[in-house]
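Open the model in your viewer and colour it by chain. This tour goes from one selection to the next.

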Amino acid sequence: MSDPTPREPFNANEDLLDRQILDKDGLMVAKVDDVEIEQLDDGRVVVTGLLTGPGALGPRLGGFLGALTTAAWSRLAERPEGQPKRIGFEHVREIDTAVRLDVARGDLDVDGLEAWTRERVIEAIPAAGEKPA
Amino acid sequence: MRPAYPAARARRVYAAVAAALLAVTLSGCIPATPDADTYRDKAERTLGAGVSQTTTVAMILRNLHKDKMFRPAAITQMRYSQGSLDTASTAFNELTGPAQLDDLTRKVSSWMSDAQTKADDARTAIERGNRGEYLPLAKELTSLADKMEKLEKSLR
Amino acid sequence: MKKILSLALGILTAIGGFVDIGDLVTNAQVGSRFGMSLAWVVVLGVIGIGVFSEMSGRVVAVSGRPTFDVIRERLGPRAAMANLVGSVAVTLLTYIAEIGGVALALELGTSVYEYFWVPFTAAAIWFVLWRAKFNIIENAFGLLGLALIVFSVALWQLGPDWSQMLSNAVTADKPDAEAWPTYFYYAVALFGAAMTPYEVFFFSSGGVEEKWSPSFLPTMRANVLIGFPLGGLLSLSIAGCAAVTLLPAGVSVDTLGQVALPVVFALGKIGLAIAILGFFAATFGAACETGLAVGYSVGQYFGWQWGKFFRPREAARFHAVILVSTVLAGLVLLTTVDPIMVTEFSVVFSALALPLTYLPILIVANDRDYMGRHHNKWLANTLGSIYLVIVLVASIAALPLMIWTKMGTA
């Protein structure tokens, strides 16, 4: 993480965890399944990234279900456990009842399952790309 | 005595659970011989189902007679009513009642069987469109239902 | 003028969309066995669903966050996962019951066996959820569902002794033949049928689909406060019809055909045709709502893109969930399970699951950080707290009563 910009202090537990993440167009990206934090030299703790997806959710679920989630995700996403998908905190534009980003969802590499479902299942069905009438 | 290996012990527990489940399942296959109170209760419930379904069939026949109902709906409901009568009657006949209630058993069984026959007749009449039979059949069914209801109430 | 029209449309669809297979079956069963003595439960349920729909609608209009989004945020991933599993299981059960209800309505209209209709019904519902716009789903079936007013007309035509009915309702005068545990079992079932959790998931997610803002609050309140009670009147009419014609004759309801019988007595063929149309519309509309509710809940828990305001390919996982649940529901029905029995289970398990939905809504609606000046005021909080107690009692009592009364047959 190059230069985490210190911001107004906030309670990451209450204001950030489990909030909906929206992209710059208001499209839904993911939930804040976990946060990445870093301790600065002066002792302050800053949030440096939002962690999303089953790789981040699994450890927070805990127990057998959590382990299963993490392991399945790790195999399918071909990423080691403990390295969930992340969105750099510099992309966060605003935090209110949702976390709003300044990038488009397509430019983030966080939705492997969505892409797989889209390509393998949904687009195989006619009219998948048409607006509901 | 040496303790059993954990795997062997687990296998024994599984076997015991399986045996218990099997016993519970199979016990359902043995005809029940309920005591007098339970038997009266079952008879009451069987009669309740009998009254409900024979009356439903009679209502359908009367409405068809007055040309207030169309056939698809009537036939659909007939199927369900016949099915319910069969289920209730079979379930009751499975039971072996206590000897002192043989009179009750005879009445309930024969009335339920009457109801089944008349419902079958009604279904045939409706399928064939024999309009002349609707009202007489409805009257027979209603008087059967009245008999059943009287006995049902006396069992409460 | 346009505003009045859209307000009227909202209220009408709220009325027509209020009744689903659970309300149809449970109200008729209760009417045929208990007369009007359980009418108080319908009133209680209607006020309850109104209070919590208003709250969840307000949360959505102010924060843009629908119910399951909020549940995850307030309960955290673990408790919310348990909640999700419970809520989705109950909603799926309701989905199965609604699809079965459509098939039963079609069987009643054609006499062709219900199983024949199941695959077509499931496919048609999936197609509507795949292709139709949100407001078309909501409005078309809501308006067609108004056909159920035929039960109110029938009740009036049957000309019951109104004062007798009212006194039965007010004094909760249970017929002697029925036992108290059975009475309370049906009270819980009726309450579960009126307050089914999917209704709140659908209602609040619909707020996002229709992009409500705080300025929409008065319209939303009018829909809830006028539409739902009138929908409740339809429920009471169904019970009333059964109480007048079936109860004295000793007929207890266990098919959709018996639900319609009082209308046949009162209004003949035309009435029956309208009633069957009403059954079809009410169950088809509710099937669409429950199917969507499954997708909404799962999507909102995980933060996926969900909703009908996008092309299916833009909300792929949401549509995959709907597709899988529809196939699953169809397969369950093809095992020849009786949809009426599924309905009976679904309303009782709804009652069991009620606190899962309603407690988080009450908490968030009180959160000033979240809601600003639109947080709960004394009226909403008093009612909300009272209902929380009622909901908890119903939930705790549901399973013991079900087992004790052998699902109301003892």
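How many residues does the contact take from chain A and from chain C? Keep in mind that this is a predicted model. Select the contact: 29 residues come from chain A and 27 residues from chain C. Now pick out the chain A elements. Strand E1 (20–22), strand E2 (28–31), helix H2 (54–61) and helix H4 (112–120) of chain A each give at least two residues to the side that touches chain C. Colour that side of chain A by residue class: 15 are nonpolar, five polar and nine charged.

Next, select the contact between chains B and C. Here chain B gives 18 residues and chain C gives 19 residues. On chain B, show helix H2 (36–65), helix H3 (71–94) and helix H5 (131–155); each supplies at least two residues of the side that touches chain C. That side of chain B has nine nonpolar, six polar and three charged residues.

Step back to the whole assembly. Two pairs of chains are in contact, and chains A and C share the most contacts. Chain A and chain B have no contact, and their closest C-alpha atoms lie 21 Å apart.

Last stop: Pro66(C). Find Pro66(C) in the loop between helix H3 (39–63) and helix H4 (67–110) of chain C. Is Pro66(C) buried or exposed? Pro66(C) is buried, because 29 other C-beta atoms lie within 10 Å, and 20 or more count as buried. Now select Val208(C): 142 residues away in sequence, its C-alpha is 7.0 Å from that of Pro66(C). Beyond neighbours within four places in sequence, contacts of Pro66(C) include Ser204(C), Gly207(C), Tyr296(C) and Gln300(C).

Terms used:
Residues are numbered from 1 along each chain as its sequence is written. Chains are lettered from A and ligands numbered from 1 in the order in which they are written. This is a predicted model: local features need pLDDT of at least 70, side-chain atom pairs count only at pLDDT 80 or more; totals for chains, interfaces and linings use all residues. Two residues are in contact if their C-beta atoms, placed from the backbone, lie within 7 Å. Helices (H or I, at least four residues) and strands (E, at least two) are DSSP runs, numbered from the N terminus. Ala, Val, Leu, Ile, Met, Phe, Trp, Tyr, Cys and Pro count as nonpolar, Asp, Glu, Lys and Arg as charged, and the others, Gly among them, as polar. A residue is buried if 20 or more other C-beta atoms lie within 10 Å of its own, exposed if 12 or fewer, and partly exposed in between; C-beta atoms are placed from the backbone.
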